[in-house]
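Subject: Structure for you to look at

Hello,

Here is the structure I said I would pass on. Please open it first, then read the notes below it.

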Amino acid sequence: MSDIKPLPGINADTKPFWDACGTHQLKIQQCRNCGAFRMPPSFLCPKCCSRNSEWTVASGRGRVYSYVVYHKAFHPAFTGEVPYVAAIVELDEGPHLITNIIGCRPDEVRCNMPVEVVWDDRTEEVAIPLFRPVITL
């Protein structure tokens, strides 16, 4: 059993996203025709069907849209992190991103909780975007 966390499957569609993550930038596609943001990446805008898009740096902020607390590790590398939170974060720009919530106890996570991106550097090239609660003073 491996204690090395799995790396994302990177393909031609997702490579710009993962390349940006490797430099600690959260990039999402934006349609140059209608301005809609989208995630996951696609060659076609789901709003206006334009093929004209660009990768735009996102704010890195959002809100917990939905979440689940895992009390069992479904991969051996996550055994020491149980319980952990898998979540869907709605970015301020609109798209949803599947991620983990860190920096708080699992029982503190709530839907609509403001969060911000932090980075888990898995290799020199690959960084995973995770989210933590936004601290307000």
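Predicted model: local features only at pLDDT ≥ 70, side-chain atom pairs only at ≥ 80, totals over all residues.

Core

The largest nonpolar core has 23 residues, and those that touch the most other members are Phe17, Leu26, Ile101, Val115 and Phe131. Two or more residues each come from helix H1 (15–22) and from the strands E5 (84–91), E6 (96–101), E7 (114–121) and E8 (127–133). E5 gives the largest share, four residues. To see the packing around one member, select Ile101: apart from neighbours within four places in sequence, Ile101 is in contact with Val64, Val85, Ala87, Val89, Val109, Met113, Val115 and Phe131.

The volume of the largest pocket is about 460 Å³. It is lined by 18 residues, of which Ile98, Thr99, Asn100, Arg122 and Ile128 are the closest to the centre. At least two lining residues come from each of H1, E5, E6 and E8, and E6 has the largest share with four. Sorted by class, the lining holds 14 nonpolar residues, three polar and one charged.

Salt bridges

Side chains of opposite charge can pair when their charged atoms come close. The count here is eight salt bridges, and three of them are described below.

- Lys5 and Glu81 meet through their side chains at 2.4 Å, N to O. Lys5 belongs to the segment before H1 and Glu81 to the loop between strand E4 (61–70) and E5, so this pair ties together parts 76 residues apart in sequence. Lys5 is partly exposed at 22% relative accessible area, and Glu81 is partly exposed at 36%.

- Asp19 and Lys15 form a salt bridge at 2.9 Å, N to O. Both are in helix H1, and because they are four residues apart, about one helical turn separates them. Asp19 is partly exposed, with 43% relative accessibility, as is Lys15, with 42%.

- Arg61 and Glu116 form a salt bridge at 3.5 Å, N to O. This pair links distant parts of the chain, with Arg61 in strand E4 and Glu116 in strand E7, 55 residues apart. Arg61 is partly exposed at 37% relative accessibility, whereas Glu116 counts as buried at 16%. Through salt bridges that share partners, Arg61, Glu116 and Arg132 are joined into one network.

Regards

Note on methods
Residues numbered from 1 in each chain as written. Heavy atoms only, no water. Core = buried A, V, L, I, M, F, W, Y, C linked by side-chain atoms within 4.5 Å. Buried < 20%, exposed > 50% of the residue type's maximum accessible area, 1.4 Å probe, protein only. Contact = heavy atoms within 4.5 Å. 1 Å grid on protein atoms, 1.4 Å probe; cavity = no way out; pocket = protein on both sides within 12 Å on 5 of 7 lines; lining within 4 Å. Points joined across faces, edges and corners; volume = space filled by probe spheres on them. Nonpolar A, V, L, I, M, F, W, Y, C, P; charged D, E, K, R; others polar. Salt bridge = Lys/Arg side-chain N within 4 Å of Asp/Glu carboxyl O.
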